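Hello,

Here is the structure I promised to pass on. Please open it first, then read the notes below.

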Amino acid sequence: MLKYPISVFLDTNIFDAAKYDFSEKGIFKTLAKFVDDGKINLYISTVVKGEVLNHIKDEISKINNRFKEARNISFKKMSLNYLEQWSFSYLFSKPEKKQMLAEIIGDFEAFLQNTNTTVLDCSDIDCNQIIKDYFDGNPPFANSDNKKFEFP
């Protein structure tokens, strides 16, 4: 029998794999429900939070560039005046990178706040000791060769 609440640490790859889907149908709504039901407590580190924010910025830049490319290709083949008459003319409007970024970062921050996610402060962690433990094979770094190469 499990003892609730279960502590769940979210790593950057969880946000990446879920494609930052903070929508009503997204996986993060399911996590929020588990938090609301008292089943889990969520944790991330300041490092993970910073990584997620950087990944979001990178992805929004890529998306923005793709929209611009598609828009420019369309304008080379068809006039803007004509495209604007179509029922899907909104596809040809200029993307607002700052707005997209603000919305998804706002949703990320709201998720953390609404789920009472504990952000673990890493400011007092000795990175030199972590690296020494890694090369010495100390826990949590196993002495096996395979395990040792998972950390980087």
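Predicted model: local features only at pLDDT ≥ 70, side-chain atom pairs only at ≥ 80, totals over all residues.

Overall form. The radius of gyration is 21 Å, while a compact globule of 152 residues would have one near 15 Å. The C-alpha trace spans about 65 × 40 × 30 Å along its principal axes. Of the 152 residues, 24% count as buried.

Fold. There are seven helices and three strands. Their order along the sequence is β-α-α-β-α-α-α-β-α-α. Take the contacts between residues at least 6 apart in sequence: 71% of them join residues at least 24 apart.

Charges. The protein has 20 positive and 22 negative charges, and their mean positions are 7 Å apart.

Helix α2. This helix covers residues 27–36, and its buried residues are Phe28, Leu31, Ala32 and Val35. Seen down the axis of α2, they fall within an arc of 100°, so they line one face of the helix. An α-helix has 3.6 residues a turn, so residues three or four places apart point the same way. The buried residues of α2 pack against α1 (12–17), β2 (40–45) and α5 (97–114). Just after α2 comes Gly38, with a positive phi of about 75°.

Trp86. This residue is in the loop between α4 (80–83) and α5. Beyond its neighbours within four places in sequence, Trp86 is in contact with Met78 and Phe92. Phe67 is 19 residues from Trp86 in sequence and 18 Å from it in space, C-alpha to C-alpha.

Best wishes

Note on methods
Residues numbered from 1 in each chain as written. Heavy atoms only, no water. Buried < 20%, exposed > 50% of the residue type's maximum accessible area, 1.4 Å probe, protein only. Helix = DSSP H or I, 4+ residues; strand = E, 2+ residues; numbered from the N terminus. Arc of directions from axis to C-beta. Contact = heavy atoms within 4.5 Å. Rg over C-alpha atoms; globule rule 2.2 N^0.38 Å. Lys, Arg positive; Asp, Glu negative; His and termini not counted. Charge placed at Lys NZ, Arg CZ, Asp CG, Glu CD.
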